[in-house]
Amino acid sequence: TLDLRDVPPAERHPKVHDAFESLSSGETLELVNDHEPKPLFYELRAEVDDFDADGYEVERRGPTEYVARLPKR
């Protein structure tokens, strides 16, 4: 699980890419964010071959808490 809420916006996507890269095939990176990470979803879908876009899930848990699951093929 990677909580991005206290990470400066400019550092979030690189941090996610590094964490996703470290996953093994079949694992899922869980993100906690202060907004729905749609731009990140589109970025991963376009740029990361191992990202399983069909398995992507996001859940809103509160006004400033979203939990996204990013599975790796």
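N33 is buried, at a relative accessible area of 5%; buried means under 20% relative accessible area, exposed over 50%, and partly exposed in between, using a 1.4 Å probe and protein chains only. The model is a predicted one, in which local features need pLDDT of at least 70, side-chain atom pairs count only at pLDDT 80 or more, and totals for chains, interfaces and linings use all residues. Residues are numbered from 1 along each chain as its sequence is written, and side-chain values use heavy atoms, with hydrogens and water left out.

N33 belongs to strand 2, which covers residues 28–33. Helices (H or I, at least four residues) and strands (E, at least two) are DSSP runs, numbered from the N terminus. The side chain of N33 makes a polar contact of 3.0 Å with the side chain of R12. A polar contact is a pair of N or O atoms within 3.5 Å; within protein, one must be able to donate a hydrogen and the other to accept it, and residues adjacent in sequence count only if both atoms are side-chain atoms. Leaving aside neighbours within four places in sequence, N33 is in contact (heavy atoms within 4.5 Å) with L4, R5, R12, T64, E65 and Y66.

Four strands form an open sheet in the order 1-2-4-3, with mixed pairing. Strand 1 (2–3) and strand 3 (57–62) stand at the edges with a single partner strand each, so one side of each has no neighbour in the sheet. Two strands pair if DSSP finds at least two bridges between them. Strands of a sheet pair through backbone hydrogen bonds, either parallel or antiparallel.

Strand 2 and strand 4 pair in the antiparallel sense over six bridges, and V32 has V67 of strand 4 as its bridge partner. Strand 3 and strand 4 are also antiparallel, over five bridges. Here V67 in strand 4 is the bridge partner of E59, while R60 stands opposite Y66 in strand 4. A hairpin joins strand 3 to strand 4 through two residues. Strand 4 is largely enclosed by the rest of the structure, because five of its seven residues are buried.

## The helices

Helix 1 lies across strand 1, strand 2 and strand 4, and runs at about 160° to strand 2. Axes are lines fitted to C-alpha atoms, for helices over the stretch in contact, and angles run from 0 to 180 degrees between N-to-C directions. A19 lies in helix 1. Apart from neighbours within four places in sequence, A19 is in contact with L2 and L29. A19 and E47 are 28 residues apart in sequence and 15 Å apart in space, C-alpha to C-alpha.

Helix 2 (residues 38–47) has L40, F41 and L44 as its buried residues. They sit on the same side of helix 2, because they cover an arc of only 105° around the axis; the arc is that of the directions from the helix axis to the C-beta atoms. An α-helix has 3.6 residues a turn, so residues three or four places apart point the same way. The buried residues of helix 2 pack against helix 1 (9–21), strand 2 and strand 4 (65–71). On the other side of helix 2, P39, A46 and E47 are exposed.

## Aromatic rings

The structure holds five aromatic pairs. F41 and Y42 form one that is edge-to-face, at 5.3 Å centre to centre and 65° between the planes. Rings of Phe, Tyr and Trp (its six-membered ring) pair if their centres lie within 6.5 Å; planes under 30 degrees apart count as stacked, over 60 as edge-to-face and the rest as tilted. F41 is buried at 8% relative accessibility, whereas Y42 is partly exposed at 42%.

F41 also forms an edge-to-face pair with F51, at 5.9 Å centre to centre and 75° between the planes. This pair links distant parts of the chain, with F41 in helix 2 and F51 in the loop between helix 2 and strand 3, ten residues apart. F51 is buried, as is F41. Ring pairs link F20, F41, Y42, F51 and Y56 into a cluster.
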